[in-house]
Amino acid sequence: MRSLWLLLCLGLLALSQVRADDTSDDIFGLEDIANFDEDDEEFLRLLEEKNQAKDVERENELISKLAEVAENQQNQLNNPVIEVDPCDRMHCGAGRVCQMADDKPECVCIPECPEESDVRRHVCTNKNETWPSDCAVYQQRCLCDTKAAGCRDPDNTHLHIDYYGTCHEARDCPEEDMKDFPRRMRDWLFNVMRDLAERDELTEHYMQMELEAETDNTRRWANAAVWKWCDLDGDTDRSVSRHELFPIRAPLVSLEHCIAPFLESCDANKDHRITLVEWGACLELKEEVLKERCDDVQNAVPHLLG
Ligand SMILES: [Ca+2]
Ligand SMILES: [Ca+2]
């Protein structure tokens, strides 16, 4: 609007000058003034259009913002925030379950284990006692750890499963069986590895080692031995503890009477850990064929009997 007034003032000034000096040349002739007005109108029209366009733009912006808010509200109505159970994030060890106490999640001893009538679910503990299930053993250990009423013996804090099945009289491993055991164990390890490869259950790294074992006779047992040793070493500290031997020991003890003394013999220096050199020696493999080739990115899926 200011420019309009400026233009009008200039126009009037020009007109008055023309009238004051009739003799002078028509510097701002009427024709020019008429042209000036037309330009001005055009200018105003453009200005108006521009302002209108801006208003429309602002309106559109506002509409889309409102639509966004409305959509969010609708989403919240449709998908109300689901209360996350704090226990979902708690990991309780074996024989324990998560329970809320004073609005806080905590691990407590499992109150009840499923009833097991199947004798195959029975387990034999390190105290040579048969328990109805692994759950019952872990529950007992928890009860003793927490000094709860159900603890039958304070010593049960060390209770663990020795093998699956009902406890039986420990059968001796005759010397001749023990002598042949490393060979049987090597063959068994290779067969388990082959079986897993066929089922595509090995990592890329171990697949490659299995292929090598298939095609190169000198690597046949060594690769299988290295793979199993790495597989057992769950915490990748490059030694297999007694606890880490569990997946190989527990299912085999009742089937193979020599497995327990064999595994015992693997820990040559009796430090409760089996190094790769010790593992190779008890499998009667030459030290030079054993190279530590663990795939640390392996999924910690315990491979039992394969
Ligand atoms: Ca280890
Ligand atoms: Ca050792």
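**Entry 1: Leu283**

I started with Leu283, and setting aside its neighbours within four places in sequence, I found it in contact with Pro182, Met185, Arg186 and Ala225. A reminder to myself before going on: this is a predicted model. I then looked up where Leu283 sits, and it belongs to the segment after H9. Is Leu283 buried or exposed? I noted 22 other C-beta atoms within 10 Å of Leu283, and the cut-off for buried is 20 or more, so Leu283 is buried.

**Entry 2: Lys286**

I moved on to Lys286, which is also listed in the segment after helix H9, and that helix spans 276-282. Lys286 has 10 other C-beta atoms within 10 Å, so I put it down as exposed. How far apart are the C-alpha atoms of Lys286 and Ala222? I read off 8.6 Å for that pair, whose members are 64 residues apart along the chain.

**Entry 3: the whole chain**

Next I stepped back for an overview. I counted up 9 helices and 7 strands in the secondary structure of the chain. The chain has 306 residues, and 20% of them count as buried. I then took the contacts between residues at least 6 apart in sequence, and 54% of these join residues at least 24 apart.

**Entry 4: H4 against H5**

Now for the helix pairs. I took H4 (residues 175-198) and H5 (residues 204-215) to begin with; their axes come within 10 Å and cross at roughly 120°. I therefore logged H4 and H5 as oblique to each other. The crossing of this pair is left-handed. Which residues make the contact? From H4 I listed Phe190, Met193, Arg194 and Ala197, and from H5 Met207, Glu210 and Ala213. Sorting the residues of the contact of H4 with H5 by class gave me 5 nonpolar, no polar and 2 charged.

**Entry 5: H4 against H6**

On the H4 side I wrote down Arg186, Leu189, Phe190 and Met193, and on the H6 side Arg220, Trp221, Ala224, Ala225, Trp227 and Lys228. By class, I have 7 nonpolar, no polar and 3 charged residues in the contact of H4 with H6. Looking back, I see that Arg186 of H4 and Ala225 of H6 take part here, and both are also on my contact list for Leu283.

**Entry 6: H5 against H6**

That left H5 with H6. At what angle do the axes of H5 and H6 cross? I got roughly 155°, and the axes come within 8 Å. Angles over 145 degrees count as roughly antiparallel, so H5 is roughly antiparallel to H6. The crossing of H5 past H6 is left-handed. Tyr206, Met209, Glu210, Glu212 and Ala213 make the contact from H5, and Arg220, Asn223, Ala224 and Trp227 make it from H6. My class tally for the contact of H5 with H6 is 5 nonpolar, 1 polar and 3 charged residues.

**Entry 7: the core**

I then asked which residues of the largest nonpolar core touch the most other members. This core has 44 residues, and the ones I noted are Ala224, Ala225, Val226, Trp227, Trp229, Phe262 and Trp279. The elements giving two or more residues to this core are strand S3 (123-125), helix H3 (134-145), H4, H5, H6, helix H8 (259-266) and H9. H6 gives the most, with 9 residues.

**Entry 8: positive phi**

Last, I looked at two backbone angles. Thr236, in the loop between H6 and strand S6 (240-241), has a phi near 50°, a positive value in a residue other than glycine. Thr236 has 12 C-beta neighbours inside 10 Å, so it counts as exposed. Lys270 is not a glycine either, yet its phi is positive at about 55°. I found Lys270 in the loop between H8 and strand S7 (273-274). Lys270 counts as exposed too, with 7 C-beta neighbours inside 10 Å.

Methods: Residues are numbered from 1 along each chain as its sequence is written. Chains are lettered from A and ligands numbered from 1 in the order in which they are written. This is a predicted model: local features need pLDDT of at least 70, side-chain atom pairs count only at pLDDT 80 or more; totals for chains, interfaces and linings use all residues. Axes are lines fitted to C-alpha atoms, for helices over the stretch in contact, and angles run from 0 to 180 degrees between N-to-C directions. Helices (H or I, at least four residues) and strands (E, at least two) are DSSP runs, numbered from the N terminus. Angles under 35 degrees count as roughly parallel, over 145 as roughly antiparallel, 65 to 115 as roughly perpendicular and the rest as oblique. A crossing is left-handed if the near helix is turned anticlockwise from the far one by less than a right angle, and right-handed if clockwise. Two residues are in contact if their C-beta atoms, placed from the backbone, lie within 7 Å. Ala, Val, Leu, Ile, Met, Phe, Trp, Tyr, Cys and Pro count as nonpolar, Asp, Glu, Lys and Arg as charged, and the others, Gly among them, as polar. A nonpolar core is a set of buried Ala, Val, Leu, Ile, Met, Phe, Trp, Tyr and Cys residues joined through C-beta atoms within 7 Å.
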